[in-house]
Amino acid sequence: MNQPSPTASAGAPPCAGLRIGDLAPDFEARSTIGPVRLSAYRGRWLVLFSPPADFTPVCTTEFVALANEAAAFEARDCALMALSVDSLFSHFAWLRMIRDRFGVEVRFPIVEDPTLVIGRAFGMVAPQDSDSATVRTTFFIDPKGVIRAMTCYPANLGRSIPEMLRIVDGLQAIDAKGGLAPANWQPGEAMLSPPTHSLDEVFGSKDAVSWFLRDSGAQG
Ligand code: BEZ
């Protein structure tokens, strides 16, 4: 595990430049379900994502799609948490509009981050930016609080919820089976073994490929 990064509390340097393997910076903030603390999610998987702003078209479609798939994340023991620079009351108004217009109640927390302190601690906002409406970042955080995957999309491209679920599935299968998930891997498909580190095994393998590209025998 990499060194713990600073928390989002007062005094933390902005834009910690988080990487895979870092401990997610802890924070406590108001949200649409009451106060939340990131470290309270230890023991579960967590998808923390930033919509650029409330009442924007692509973000609205993402929230509707995520709320419709909330049970699929729950079935993976994976919580959802959104983080937006807009105020708590803006979040409430947006969720009310989504409920009235799309018939979907968004019940996962949306954290308010009006000072950008949390977004900066996660590198969702560039240190000098006064506006966060250019980022659509997602952090996949494991039950120990470690960042295991990150994605970053531009504001004008919405995330794929099936791909978010596939990332959670892949990380969980890697932890459970110890294998590697190949391109386009889907749950239930074969995983790969790490390559050998032994030159004798390289020379002894039946062909030029099978010492490094081989099924692990595990089904994810
Ligand atoms: C959107 O979610 O639609 C959006 C957000 C920020 C800038 C542009 C579009």
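1. Ground rules. The model is predicted: local features need pLDDT of at least 70, side-chain atom pairs count only at pLDDT 80 or more, and totals for chains, interfaces and linings use all residues. Residues are numbered from 1 along each chain as its sequence is written, and side-chain values use heavy atoms, with hydrogens and water left out.

2. The chain as a whole. The protein chain holds 6 helices and 9 strands. These are DSSP runs, numbered from the N terminus: helices are H or I with at least four residues, strands are E with at least two. Of its 220 residues, 44% are buried. Buried means under 20% relative accessible area, exposed over 50%, partly exposed in between (1.4 Å probe, protein chains only).

3. Surface and contacts. The accessible surface is about 11,000 Å², and carbon and sulfur atoms make up 57% of it. Areas come from the Shrake-Rupley method with a 1.4 Å probe; for residues, only the protein chains shown count as cover. Among contacts (heavy atoms within 4.5 Å) with a separation of 6 or more, 62% join residues 24 or more positions apart.

4. A polar contact is a pair of N or O atoms within 3.5 Å. A backbone N or O atom of Val58 lies 2.6 Å from a ligand oxygen. The side chain of Arg136 places a polar atom 3.0 Å from a ligand oxygen. For the side chain of Thr56, the distance is 3.1 Å. The protein covers 76% of the 260 Å² of accessible area that the ligand has on its own.

5. Glu189. This residue sits in the loop between helix H5 (161–177) and strand E8 (190–192). Glu189 is partly exposed, because its relative accessible area is 38%. Its C-alpha atom is 5.8 Å from that of Gly220, 31 residues apart along the chain. Leaving aside neighbours within four places in sequence, Glu189 contacts Asn184, Ala218, Gln219 and Gly220.

Notes:
A polar contact is a pair of N or O atoms within 3.5 Å; within protein, one must be able to donate a hydrogen and the other to accept it, and residues adjacent in sequence count only if both atoms are side-chain atoms.
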